[in-house]
Amino acid sequence: MLRTTLAGLVAHRLRLLLTSLAITLGVGFISGTFVLTDTIEQGFRQLFTADADKVAVAVTPKDEDIPGDVLAKLKALPGVAGAQGLVRGTAPLLDKSGRAAGSTATSGISVATGPLDRTIYVSGKAPGGPGEAVLDENTATTRQFEVGDTVTVLDVAEKRRQFTLVGVIDVGVDQNLAFTGAVGFDTATALEMTGAKGYHEVDLAAAAGVSPETLKKTVSEALGRTYTIRTGEELAQKLALDSNVQLDYLVLVLLLFGCVAMFVAALVIYNTFNILVAQRTREMALLRCIGATRGQVFRSILLESVVVGLISSALGLLVGLGLGALALSALSRFDAPVPSDATIALTPRTIVLGLVVGLLVTVVAAVLPARGATRVAPIAALRSQVEEQTFRAGLARSISAGLLLAGGLGLTAVAIWVLDGDIGLLTAMGGGAVFFLGVIVIGPVLISPLSAFAGWVPRKVFGVPGRLAVDNSRRNPKRAATTTVALTIGVTLMTLISVITTSTRETVVGSLDEQFPVDFMITAQYGREDGRPLLPSEVPAKLRALPEVGLVAELRQVDHGGVTVGSLPDGAAFRPEVTSGSLAALGPGTVALADDQAKNLGVRVGDTVPLDTTEAGRVDLKVVAVLADGDFNQALPYTVTLADFEKYYGVVGPARVYVKAKDPAAVDASRRAVESALVAYPTAQLSSAAEVRGEFDEAFDMMFTIFAALLGLAILISLLGIANTLSLSVHERTRESALLRALGLTRPQLRGMLSIEALVLGLVGAMVGVVIGVAFGWAALQTIPNETVFVVPVGQVLLYLVLSALAGVLAAVLPARRAANASIVGSLASS
Amino acid sequence: MTMTTDVRAAVVARGLSKTYGQGDAAVHALRGIDVSFATGAFTAIMGPSGSGKSTLMHCLAGLDTVSSGHVHIGDADITTLSDKQLTLLRRERIGFVFQAFNLLPTLTAEQNIRLPLEIAGRQADQVLMDRVVETVGLRDRLSHKPSQLSGGQQQRVAVARALVSKPQVIFADEPTGNLDSRSGAEVLSFLRRSVRELGQTIVMVTHDPVAASYADRVVFLRDGLLVSEVTQPTPQSVHDMLLKLEA
Ligand SMILES: Nc1ncnc2c1ncn2[C@@H]1O[C@H](COP(=O)(O)OP(=O)(O)OP(=O)(O)O)[C@@H](O)[C@H]1O
Ligand SMILES: [Mg+2]
């Protein structure tokens, strides 16, 4: 029996190739995920361990920075050979045009020297005095600074200070520094520039003969429990652990997509084995005739799947290595903080997991077909013509499909109308998955009407080949359903993502329009101080003085006593939607509440609410209006008049200043005027509606592209499935094709017939996917508490339909060519 | 033995030979055959197994290429035609009945009958259609799928299909090979009637002397050569001739 199986495998190797490809890709994706993350993790660990070798003990604060006297105390401890305090604060670097670089202020750090130095220099050297600084590589590149240039950095008092750039450093895997960029000074200058009151870490070197553990004990006894004290090794472990938390998230997301790909691959394998078994009915029956038992037939098919699974999983591991390396180089090209020159890691875990997953999926997918094979009666060997598959939905199928569909809808309904937040979203997605299972079960019933629908046009347009193709597409509903469902999965998820991103984008853009009833907005650079970044309070007045500028409105905002209070900007453009009461009544001693806040406090218009203020103590305010939720920043929990705001919180700088050009036709001129007025305030950031929208668009596009690329694999596998089914069908219909050719169907017509069949299959799969995707996209949006608009990206959805149909045609190219080129006489003779 | 050369021949083959394979493995299936088939006649091709009957039929019908020689169907030399031209010629002028698997399983009997006409984009001659359906005796089976028909009924549908497109010639390769003698007889008498009543030209390959006796003329093949023929055959005369050939 073993020999028969192996001979069968060799005979069907071409047909099994596509199947193995499906598994190979799936396993490749999953093992690629692990290769990537293992490599990153290993790279991190190497870096941290290298650092740990230099540091015997590291002291980090639990809240406030470590003051200088503690550093001095540490230096004096027995067994300490050296101590180095590390400074980290903000020191906004100005770019070449004199504006603060980036939307978040550059970090200002101290660069250590001596044995405790952990800095990696790309070029140049450490700052040797108060006039010298170093920059991180990424910032240096993007802001076009080179060693030898003069850089300007704002100190804690916002004064411009000039430094000679003496080196470029690599901040390695420090996620914070990678995000903000870093400018490094010697320790004294760093303290001065950032205004830091102490150190965020103190590293100690041990004297000869003192072990890190001993030193740790000494330090602990000296400092007590105020600080966290770790040996170098423990520090490395902690850092590695921190970076792993982020990696775990990446692994989770990637594996989710990997599972989708594997599920699609499983469908493809299931289908392939089913078809192979159907085609080999005679062979099986013959084996049974000559005495093979059911068990032997079952085992031979299973063995076949084991061989296919093992080979393709092994190939998948190779693909995974390639994918992992590719992803890593892509990541480091986009300056993601990953160890770039790490050696690719293929851990035993990856190997075992890849092989096991691939093998398991293949074998499990082959079990049902194998069981089907055992049902072949020996008598089937004697029948001349393979019987046409007829399909009737059995009671069991109808009931289970009904339960799944109803259950999925029920879960989703609960998610929409009962739950909300993350739980709601997850429940809705769970409901979607259950509903989808129902669709898979009921699929064979849907195929016939759907392909009649999708085939309506081809039937009319393409004549006899068109009609035959549409008939063929629903000839074996089970096979067609499994084939198309694989594609449906990909299309559903693509549509879902399209709907959600488009709707969210539309919502954000809508709120941007509300937020930007003006031409420009001016905000302060983030990261400069703890809390809310504020603009200097004289900025609005300066802008009002400009002749090119029309309206200047400012929003003051504080977070105090656990609540956010804002002033109402002047100008009718800033009137948020009112659900009850009236903003016209907002005067001294009154407040407008956001809807949420009013509900939380259980108050309505006319009631009085208390508010803790910094300048006026506790005040009681009369509620005059409740403001609608759903826009991003106008309905602050508490809104009072500007005069009241100053009374309660004193004169603070505005959080935002809105500017309208005096002449709507001369926006550019007024922008230039505003820009020159802001030269004195390098950290003030000017943005226009178009710019902000462009940034959002970019972010959304980026997100969409990443998801699409990740889903691309699942879609590719499902296309392999279509190609596979089609080539197996073509093989099955060899004689039929020959007959049609004999009756006068030309080669192009025969090819066309198969292409149309694939087109119809692709279209059916995509139609179902688009409908489910849109429906559950809507459901997902309903679970988001903020009011989001629901937009169906009609163009994109149509594109998916067209692309799926075309992809089907593409998948049909090879099978169709083979069918058309077969010799008529030879095919007629084949059994 | 004289070669019949009919001016009204529907199909004429001249010096037809066909070799499969090359060198040592070469099989000479046909070794120079000259034969013609008269319009409106029912001709049977007989011969021992492996003598080249099927090969001859395939070459005559343009289903297979020839190694040398020429085949004329009407005024067209089909050995010079491209695949596309051949396909169109088959569509317009040739009907087929094979031993088995004649029908498309997805189509009903009626759709199968109309299929060649539809492929050619022609309208069915409704009078002819009715007459053929009547003669075949399938009126009440027209909406059935092939899987719901008996073997004999399937073959009769195939014959009806070949007839309704009024081809210049119908080629049948052992059309009764899979049928019992009663169903076989039905199909054969139906073929003969279509020659008598509709003036159809039919060339049929068969093993069975009884089947051959339905024809107007029987030609005999041996080792790829045309060796003799019998006109107005009876089962007995055909049987005798076969015995003689096999001796
Ligand atoms: N594709 C092929 N390749 C090689 N040889 C072939 C091929 N087809 C037929 N032959 C050979 O050509 C010869 C004639 O075959 P053909 O099928 O025409 O015989 P036949 O008279 O129809 O036989 P039967 O009565 O068994 O159907 C045989 O020797 C056969 O082996
Ligand atoms: Mg033969």
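Met46 of chain B has Phe220(B) as its bridge partner in strand 9 of chain B. This is a predicted model, in which local features need pLDDT of at least 70 and side-chain atom pairs count only at pLDDT 80 or more, while totals for chains, interfaces and linings use all residues. Residues are numbered from 1 along each chain as its sequence is written, chains are lettered from A and ligands numbered from 1 in the order written, and side-chain values use heavy atoms, without hydrogens and water.

Strand 3 (residues 42-46) and strand 9 (residues 217-222) of chain B run parallel, paired over 4 bridges. Strands here are DSSP runs of E of at least two residues, helices are runs of H or I of at least four, and both are numbered from the N terminus; two strands pair if DSSP finds at least two bridges between them. Helix 8 (residues 235-246) of chain B packs on the sheet and touches strands 3, 9 and 10 of chain B, contact meaning heavy atoms within 4.5 Å.

The open sheet has 6 strands in the order 6-7-8-3-9-10 (chain B), with mixed pairing. Strand 6 (94-97) and strand 10 (225-231) of chain B are at the edges; each has a single partner strand, so one side of each lacks a neighbour in the sheet.

I turn now to the ligand. An oxygen atom of ligand 1 lies 2.5 Å from a side-chain N or O atom of Thr55(B), and an oxygen atom of ligand 1 is 3.1 Å from a side-chain N or O atom of His207(B). Helix 1 of chain B provides the largest share of the shell around ligand 1, 3 residues.

Technical notes: Axes are lines fitted to C-alpha atoms, for helices over the stretch in contact, and angles run from 0 to 180 degrees between N-to-C directions. A polar contact is a pair of N or O atoms within 3.5 Å; within protein, one must be able to donate a hydrogen and the other to accept it, and residues adjacent in sequence count only if both atoms are side-chain atoms.
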